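Please read these notes with the model open beside you. They are brief and go point by point.

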Amino acid sequence: MNALQTKYAKEVKAILAKYPDDQKRSAVMPLLYVAQREAGYVSRQHLADIAEIIEVTPTEVASIVGFYTLYHDQPEGKYRIQVCNDLPCAMRGADAFLQGVCENLGIEVGGTTDDGLVTVEAVMCLAACDKAPMFQVQDYENITYYEEQTVDSTLKLVDKWRKAGAKKK
Amino acid sequence: MTDAVKPNVETTLVNLTIDNVPVSVPKGTLVVDAAKRIGIDIPVFCYHPKLEPVGMCRMCLVDIGLPAVNRETGKVETDKQGRPVINFGRALQTGCTVEVAEGMVVVGYTEKVQKARQDVLEFLLTSHPLDCPICDKGGECPLQNLTMAHGRSDSRFIFDEKIKLAKHVPLGEMIFLDRERCIQCARCTRFQDEIADDPVIGFEARGRSLQIVTYSEPGFDSIWSGNTTDICPVGALTTTDFRFGARPWELQASASLCTHCPVGCNTTLNTRREAKAGGEMVVKRVMPRQNEEVNEIWLCDKGRFAHHYAAKDDGRLTGPLVRRDGKLVAATWEKALALVAEKFEGAGKGLVTLAGGKLTNEDLYNLAGLAKARGGKALLDSRMAGGDLTAQVGLSTGSNLADLGKGDAALVVACDLEEEAPLWWLRVKQAAERGATVIVANPRRTKLERHAAFTLRYEYGHEAALVTALVGSFSPKRADLPAAVQALIRDKDVKDAGQAIAGAKDLIVFYGSEGTGLAESAALARACANLLIGTGHIGRPNNGLVAVWDKANAQGGWDMGLRPSADLAADLGAAKAAYIVAADPAGDSPALAEAVKAAGFVVVQDIRLSATAELADVVLPAAAFTERDGTFTSGERRVQRLHPAVPAYAGLRGDFAVTAQIAARLGVAQEKRLATGVFNQIAASVPAYAGLTSAALSEVREQWPVIGRGDVYYGGTTYDNKQGLGVQLPVSGDSPALTFEQPAEPAKFKGLKAVPVTRLYDRGTTVTPSAVLHPRLPGAFIALSVEDADKMKIEPGQKVQATLNGVTVEVEAHIDNSLAQGVVLAPRSFGLAIEGPCEITVKK
Amino acid sequence: MSTVKGSHILLRHRDNPALSTFEGYIKDGGFKTWKQVVTRMTPEAVVNEVFDSGLRGRGGAGFPTGLKWRFIDKNNWPHYVVVNADESEPGTFKDREIMESNPWQFLEGVMLTAYAVNANVAYIYLRGEFWMLAAELDKQIARLRKEKLLGMKLFGTDYELELHTHLGAGAYICGEETALLESLEGKLGQPRLRPPFPPSFGLYGKPTIVNNVETLANVPLIIEKGAKWYRKFGTEKSPGTKIFSLSGRVAKPGNYELPLGTTYGDLIMTHGGGIPEGRKIKAIMSAGASSTLIVADDKALATPMDYESVPALGAQLGSASIIVIDETVDLKWLVDKTVHFFNHESCGKCTPCREGTYWMNNITQRILHGEAEQKDVDLLKDVAMNMKGKCLCALGEFATEAVVSSIERFPKDFKIKAGAKTIAGELKVMHD
């Protein structure tokens with residue numbers, strides 16, 4: 001039993017139970033989400049741990065991390081604001097919105113705020129085209145949609161996180 | 001299913017035309033392969049005849065039409081001239097993924113298809129660096145060749161927009177990746193997954209960012225890695241060994257054989273005359289040479305990279321040495337040989353010859369002949385027995401591991417097959433994939449188990465008992481069998497495996513040397529022979545016993561009449577004169593070193609100054625395998641020939657010739673000029689070799705897939721075989737009786753029991769001169785069970801003192817969680833004094 | 001009896017919000033069909049009813065659902081049902097609404113499908129972004145187990161069924177059914193060669209039915225009310241209703257469930273409230289970013305949206321995600337957006353798509369930044385044309401549709417003026 005398996009024993013077991021016994025590999029995606037809960041990215045150790053659980057090589061796990069956009073191989077902001085600026089959203093002002101958010105946070109698209117709290121990314125369609133501008137927030141635990149947003153409403157959200165973070169300290 | 005593992009049973013022929021040429025091929029054949037069979041090249045990059053088709057690169061797009069069938073009548077519609085009406089699809093199809101069909105029409109010469117090839121090439125070249133002038137693949141590059149044949153003459157992609165990527169990425173210590181050159185065909189990753197079952201390289205990211213990565217420790221951790229450089233259709237993967245070493249068109253090619261293990265892989269030695277080598281010919285690389293009955297088109301990395309021991313470097317012996325005033329000094333051949341002859345004459349029947357198992361049949365024949373003529377002993381430097389049995393119940397003529405499939409079985413016992421004989425592992429694995437029942441019996445886990453229908457565990461020392469229990473599982477009960485056998489017979493898996501073996505159409509039994517010394521090996525070989533005899537799996541192709549020998553030509557040694565010594569130290573110590581050829585007993589163990597010292601007069605013949613040579617009275621140099629002619633007999637009893645690739649040092653000859661010169665001085669006439677001359681004598685005097693000729697060894701048949709220089713785009717840079725596929729020997733024809741011998745109870749020790757195991761990458765004298773392998777050579781180590789390690793509080797990787805047979809060595813402790821308590825693995829050729837099971841003490 | 005008002009078969013929650021709760025759904029007669037089917041109907045009868053209804057796959061290809069079910073290989077077991085809930089086509093957001101607001105009907109549809117094809121396990125593959133939705137579905141599935149509507153020996157029969165959700169992680173290509181299966185198997189989401197098709201070689205190499213969320217949400221009412229009832233909606237060859245996701249430059253974007261055969265004009269101008277700020281409509285994308293651009297003339301607006309009529313406009317109904325483009329949108333900008341999307345989402349498996357989308361994106365960027373010449377437009381079109389007919393799956397083909405149709409049908413937009421830069425046009429935030 002490796003570290004990941006020990007820490008999330010019940011959950012790992014439940015994930016494996018979803019798939020046939022000889023198809024453990026199917027569990028790689030849910031297990032990667034479990035690993036990302038630790039610090040928002042998948043470390044080399046996580047690769048090895050997951051590989052051991054599902055009986056594949058770490059390279060095969062790493063391939064999965066690299067293929068999908070919601071897995072990350074290095075730490076970024078605790079909250080990733082992922083703004084859709086695909087065609088339908090862009091026709092409803094998503095590019096201007098994205099630019100506005102970034103300017104106000106003092107970062108480039110893809111950048112992270114100095115306090116390491118927020119990363120703003122441009123992403124592809126999130127199936128909320130009628131509610132643009134919109135974004136999802138990927139944190140360590142969840143992915144949450146925020147629809148019909150303005151630059152102001154977004155900055156307020158960031159403020160809320162900052163305050164909550166300060167309180168914790 | 002790849003061609004390599006496809007059962008050879010489909011005989012229904014399908015008729016079609018390709019570029020108007022009619023062709024009949026077996027049902028299930030892919031269009032590209034059908035075309036290849038009639039010499040029509042449909043260009044491919046991702047497709048490889050040994051790999052599953054994936055249809056990724058889109059280079060093989062062709063127009064494919066099928067006869068129009070009337071829905072009501074079910075008959076093919078015809079036009080006014082009575083010709084079938086052909087319906088072509090709207091889009092072109094990938095010839096590498098479409099199977100042939102009756103009446104199919106494949107067209108590759110139309111403008112539409114030619115344009116498609118041009119378009120796909122243009123896409124491939126948008127990101128390619130076009131750095132052919134400095135690329136190792138230049139000259140044997142499919143991308144280069146196919147661009148010449150099908151590409152545009154101009155480039156529409158803006159040069160500044162080309163992606164800049166890392167060009168010198170070490171995937172491991174042996175393989176480099178040039179990310180710019182990679183065309184994402186996935187041949188390498190698919191090879192590692194499908195063929196090698198080591199998926200340690202893979203794709204990361206996606207789209208244009210797709211790139212090959214490895215996350216194994218160490219990087220690209222596979223003994224098969226070199227093969228990816230052969231099948232890479234561009235210069236993306238190159239070996240550290242050859243990289244920037246030469247241009248392919250400067251190289252000459254000579255047929256040779258791998259000398260590292262009993263598989264007998266066919267190789268091509270690429271050589272070049274080099275200024276930096278003082279104008280000498282140099283072996284630049286070892287390439288696989290196709291032999292679909294032996295190594296197909298593959299080589300393991302040891303075979304590919306561990307050739308430097310034969311190089312003409314400062315370590316090579318170039319002339320005879322004679323001990324004078326306690327020191328070895330240079331002498332003329334005449335003086336040295338005269339001295340040797342004089343001493344051998346004096347030794348009379350006290351002459352002991354000891355021959356290494358990597359000598360050729362010709363060397364062994366002359367050596368045995370000399371010993372016999374003088375009434376001395378002819379010993380083979382090996383700790384395995386059974387060469388007499390394999391001559392009786394071994395594989396017979398016409399056997400091919402590729403024929404094993406559904407209904408057949410393979411038993412692999414006391415053997416870590418991938419480590420001991422990698423290509424056999426690969427071919428047994430393929431047999432399993434074709435449906436053969438593979439039974440792996442070994443005291444600890446080995447890689448072949450992943451493909452085994454039955455995995456049988458037994459205690460070290462019970463290998464013969466296990467095999468006897470398999471016999472017992474389908475034979476009448478015998479109360480006289482030892483308790484260990486009785487207990488194993490009751491095991492359900494043993495019983496089921498026994499039934500599978502008894503019911504198998506064809507059965508091949510491989511026995512190795514995992515945990516065995518000579519005595520255990522003899523019992524094991526006998527038990528295996530019993531199993532084959534008892535189940536009637538002898539005397540016909542694809543049935544019989546295969547010894548996974550500890551040396552490449554051990555079978556040849558047995559066939560030439562040499563035998564391993566039951567007590568080598570005693571035999572050597574008692575020798576009045578010892579003639580040790582291509583063996584290094586003193587390097588193997590201190591006890592043998594003492595024996596060498598005790599011997600009366602010691603002559604060592606080798607290519608380098610070994611530990612034994614240091615103790616010798618006379619040292620005679622010989623030509624290395626790269627410099628000479630001769631034959632080897634593989635574990636499958638296939639006699640194959642190697643040819644000189646580079647000239648030997650002046651005055652140096654093959655071992656047989658040196659022996660013959662000594663023999664001549666003793667009045668024993670032996671062929672001393674041509675290896676083929678000795679071979680003719682072997683054919684005349686060794687029954688199994690009767691009637692063999694060099695010409696027969698040089699015969700070639702058409703092999704599939706078609707491989708070769710002109711077809712480099714299709715099969716890779718592997719060489720085609722123009723120099724001979726060898727001849728598999730017949731079995732003796734005697735029907736040996738089933739002779740039950742009570743398997744001996746394994747030796748018990750008070751403390752921990754050490755058992756010898758074989759590792760592919762060892763620290764032997766044929767491996768260590770190859771610097772390219774150094775990063776992969778482990779230091780001396782032992783492996784402990786989890787329980788013993790816990791008890792002694794030893795952590796993995798910790799240095800410990802291991803004492804075996806009175807010799808203490810500092811080793812690294814490994815832990816093997818499949819190992820039984822009380823057992824310690826001691827690898828051979830790592831400086832540990834182990835020849836068979838023995839006691840070991842481990843101290844921190 | 002399940003209540004149906006107007007043309008809401010799938011978006012019934014809009015008429016009866018209580019349907020989103022288990023109790024509300026039960027009250028409306030939910031899962032009665034399920035019990036009826038498991039205890040009284042043969043799987044073949046279920047397949048026949050769906051076949052007779054003429055239901056066609058709503059994921060985009062429009063393949064007859066009942067026919068697909070009939071293709072399942074009955075000599076190879078086990079069978080699987082996999083729901084394609086990887087809704088990722090730009091402009092498509094219908095499956096999300098079904099699963100969020102009418103989840104029980106969707107789940108009942110999945111269950112009925114599993115029964116029809118003799119599957120004992122069904123996986124719902126959701127795009128990773130539907131994280132919260134998956135969490136809700138997990139709870140709902142747990143509830144179904146608790147209510148003994150899922151599990152072993154259902155209603156005392158020998159039939160058993162389990163449902164599982166499986167989250168993707170951000171890859172449009174996983175909407176392609178074989179890439180989805182690869183992904184579900186824990187491999188790179190790259191499409192497989194077809195044939196073999198999933199009904200004979202699907203998940204884990206076993207016979208598998210892959211259907212879109214919207215398709216399956218139709219099934220409970222088809223079984224309950226019958227094929228004949230279902231055929232009252234839509235046209236003869238395109239029966240039933242369809243959810244049209246309406247987005248872009250339109251006053252009232254959103255999902256509209258209407259009978260197949262409703263015209264573009266009716267959807268955009270009547271239901272969608274027309275184009276804001278008194279602008280003129282310029283073009284229509286009929287199936288998200290994957291579609292050609294239809295010149296939005298009177299003929300187009302009068303065209304019925306069904307599987308037969310849309311192709312006459314040189315377009316496809318596809319997932320029926322209608323993106324409305326007004327006169328202010330410069331198509332050079334639009335093409336850069338779609339090409340960027342496909343370049344980002346190309347899995348990299350086949351050469352023309354991997355290299356072609358990348359190359360096209362280089363060119364559209366140069367055009368966008370005023371660094372292109374007229375011949376670059378020709379090159380762009382030529383690269384797209386060279387991709388056509390050569391890609392392994394549909395993604396590569398889709399990537400060329402907007403490019404080629406825009407250049408061909410809107411040549412004015414592609415007249416290059418030397419040095420003319422950004423042409424994003426008058427885009428302003430439409431939501432306030």
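**Notes on domains, contacts and strands**

1. In chain C, eight residues of domain 2 are in contact with 10 residues of domain 3 (contact: C-beta atoms, placed from the backbone, within 7 Å). The domain 2 side of chain C that touches domain 3 holds four nonpolar, four polar and no charged residues. Here Ala, Val, Leu, Ile, Met, Phe, Trp, Tyr, Cys and Pro count as nonpolar, Asp, Glu, Lys and Arg as charged, and the others, Gly among them, as polar.

2. This is a predicted model: local features need pLDDT of at least 70, side-chain atom pairs count only at pLDDT 80 or more, and totals for chains, interfaces and linings use all residues. Residues are numbered from 1 along each chain as its sequence is written, while chains are lettered from A and ligands numbered from 1 in the order in which they are written.

3. Chain C is divided into domain 1 (12-230), domain 2 (241-326) and domain 3 (331-414), with bounds from an automatic or database domain assignment. The centres of domain 2 and domain 3 of chain C, over C-alpha atoms, are 23 Å apart.

4. Chain A has domain 1 (3-67) and domain 2 (79-168). Their centres, over C-alpha atoms, are separated by 28 Å.

5. In chain B, strand β22 (residues 507-511) pairs with strand β23 (residues 544-547) in the parallel sense, over four bridges. Pairing requires at least two bridges found by DSSP. Strands (E, at least two residues) and helices (H or I, at least four) are DSSP runs, numbered from the N terminus. B:I508 stands opposite B:G544 in β23(B).

Notes
Contact = placed C-beta atoms within 7 Å.
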